[in-house]
Amino acid sequence: MPKKIKGIIPRGKPRMRDTLPAYSPAASRGVVNPLLPSLAREIKRRYFFSPLTRLAINSKKTRAENGRMFNPSVLTAVPFFNATRQIKELGYELTSAIQRVLDSGKFVMGKEVEAFETEFSSYIGMQYGVGVNSCTDALKIALKALGIGTGDEVITVSNTATPTASAIREVEATPVFVDVDEYFLMDVLKLEAAITKKTRAIVPVHLYGQGADMEAVMKIAHKHHLKVVEDCAQSSGAMIGNKKVGSFGDAACFSFYPTKNLGALGDGGLILTHDKLTADKCRALRMYGMEGSYHANFEGYNSRLDEIQAAILRVKLPHLDVYNQKRQEIASRYSKEIKNPLIELPRTRPNASHIFHLFVIKVDTRERFLEYLKTKGIGYGIHYPTPIHLQKAYNFLGYAEGSLPRTEANAGKIVSLPLFPELTEEEVDHVIQIINDFT
């Protein structure tokens with residue numbers, strides 16, 4: 001047996017006292033459960049000796065050390081994103097949820113997925129939820145369930161992540177791009193001009209954490225008898241007026257990729273709708289087109305949210321509003337305290353709440369600015385460097401440079417700053433100082 005180091009579970013065959021039991025009050029006091037059956041013990045050995053467990057069992061120690069770890073007098077780097085801090089804070093809530101799934105013996109399409117579908121639907125204000133593998137699959141399945149397919153046109157934006165367009169292509173429809181407004185969102189003043197006889201749907205993208213002008217989108221959609229599928233990958237919990245983003249269209253699609261405001265520990269997505277027939281069709285499509293066992297009524301896919309990810313999301317969902325509020329507080333500090341005239345700060349639409357999945361600034365001298373951030377140890381991102389209509393894979397659509405002026409101009413200037421709920425005050429101070437010092 002390797003020498004045991006304080007705070008670290010050694011590799012190799014575990015002794016009984018090293019085995020992490022299912023969570024219980026007794027377990028929290030260090031009392032070990034009786035021996036488990038051999039299969040369950042092997043699963044525990046393989047899973048619970050992972051970094052997740054080491055983080056969970058040391059969560060109190062980690063929280064106590066955070067102040068020292070991020071002492072501003074020794075702070076030299078700020079990460080763009082760090083998932084492990086939230087994992088440490090949630091600790092046994094996560095390991096207990098995972099253990100619950102392991103004990104159930106049901107890992108696909110079980111009670112955890114059903115419960116999360118209900119809980120998230122209620123949170124957003126929609127009636128039906130359908131868990132799937134990713135937001136890309138959610139978009140694809142929602143479009144197909146609504147009858148979008150070969151030869152149809154779907155209007156969306158080009159400054160989004162590529163999966164928005166790839167989902168449209170997967171149902172053999174054609175993406176049609178419109179330019180964006182000053183909020184990086186679909187310019188509704190240009191929307192109607194893009195509608196043709198082939199247009200069947202609109203996919204507004206609620207980018208960076210705030211909603212597009214859904215009142216205008218829905219008005220135009222109703223006028224032209226078009227379906228609306230909201231791309232909510234980056235906007236879980238954002239509001240437009242007194243309604244949550246994702247509660248306006250015929251369907252809404254969410255991402256639970258680990259970096260999202262509500263993030264799993266792997267891939268995950270969900271479709272929301274008010275229409276039972278649409279929900280039933282989505283459920284069949286995620287499971288090979290089957291409405292019963294081993295009989296497909298139409299062609300479908302294999303796209304299912306797994307039980308462990310659903311259990312993890314159920315732990316995190318009650319914390320989402322607090323996480324979003326913390327993001328808003330950090331964003332408010334950035335907006336108020338970054339005074340550098342070389343930096344253009346993001347704007348929030350009137351009558352909307354921005355939950356800041358990303359805090360995206362614009363800098364004319366971006367390359368020099370990025371080099372400066374690197375030298376100062378400040379993490380950053382670019383979301384996204386090349387608009388979809390100018391990417392090689394989509395040359396066949398026939399767009400040329402200059403087709404979407406604002407989208408293209410933004411792409412050469414945008415920079416995403418560090419922003420996640422677990423950023424410390426010292427780290428936020430440091431980012432603000434470094435940016436203000438840029439010349």
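Q: Hi! Which strands does helix α14 lie across?
A: Helix α14, residues 366–376, lies across β12, β13 and β14. The helix runs at about 25° to β14. Keep in mind that this is a predicted model.

Q: Okay, and in what order do those three strands sit in their sheet?
A: The order is β12-β13-β14, in an open sheet with antiparallel pairing. At the edges stand β12 (343–344) and β14 (414–417), each with a single partner strand, so one side of each is left without a neighbour in the sheet.

Q: How many bridges join β12 to β13?
A: Two bridges, and the strands run antiparallel; β13 covers residues 359–363. As for individual residues, E344 stands opposite K362 in β13.

Q: Let's zoom out. How many helices and strands are there in the chain?
A: The protein chain has 16 helices and 14 strands. Of its 439 residues, 54% are buried.

Q: What about the surface: how much of the accessible area belongs to carbon and sulfur atoms?
A: That share is 53%, out of about 20100 Å² of accessible surface for the protein chain.

Q: And what share of contacts comes from residues 24 or more positions apart?
A: They account for 71% of the chain's contacts with a separation of 6 or more.

Q: Back to sheets. What's the strand order in the sheet of seven?
A: This open sheet goes β1-β9-β8-β5-β4-β2-β3, and its pairing is mixed. The edge strands are β1 (128–132) and β3 (174–178), each pairing on one side only. On average, neighbouring strands here are turned by 25° against each other, ignoring direction.

Q: In which sense do β5 and β8 pair?
A: In the parallel sense, over three bridges, with β5 at residues 227–231 and β8 at residues 251–255.

Q: Now β1: are its residues mostly buried or exposed?
A: Mostly covered: five of its five residues are buried. Y128, V130 and V132 point one way from the strand, while G129 and G131 point the other way.

Q: Which strand does β1 pair with, and in what sense?
A: β1 pairs with β9 (residues 269–273) in the antiparallel sense, over five bridges. G129 has L272 as its bridge partner in β9.

Q: Switching to helices: at what angle do α8 and α9 cross?
A: Roughly 35°, and the axes of α8 (residues 135–145) and α9 (residues 162–170) come within 8 Å. The crossing is right-handed.

Q: Which residues make that contact?
A: From α8 there are T136, L139, K140 and L143, and from α9 there are P163, T164, S166, A167, I168 and E170. They divide into five nonpolar, three polar and two charged residues.

Q: Last one: why is A409 called partly exposed?
A: Because its relative accessible area is 38%, which falls between the 20% limit for buried and the 50% limit for exposed. A409 lies in helix α15, residues 405–411. Its C-alpha atom is separated by 9.8 Å from that of D364, which is 45 residues apart from A409 along the chain.

Note on methods:
Residues numbered from 1 in each chain as written. Predicted model: local features only at pLDDT ≥ 70, side-chain atom pairs only at ≥ 80, totals over all residues. Heavy atoms only, no water. Pairing = 2+ DSSP bridges. Helix = DSSP H or I, 4+ residues; strand = E, 2+ residues; numbered from the N terminus. Contact = heavy atoms within 4.5 Å. Axes fitted to C-alpha atoms, helices over the stretch in contact; angles between N-to-C directions. Buried < 20%, exposed > 50% of the residue type's maximum accessible area, 1.4 Å probe, protein only. Areas by Shrake-Rupley, 256 points an atom, 1.4 Å probe, with all protein chains shown as cover. Left-handed = near helix turned anticlockwise from the far one by under 90°. Nonpolar A, V, L, I, M, F, W, Y, C, P; charged D, E, K, R; others polar.
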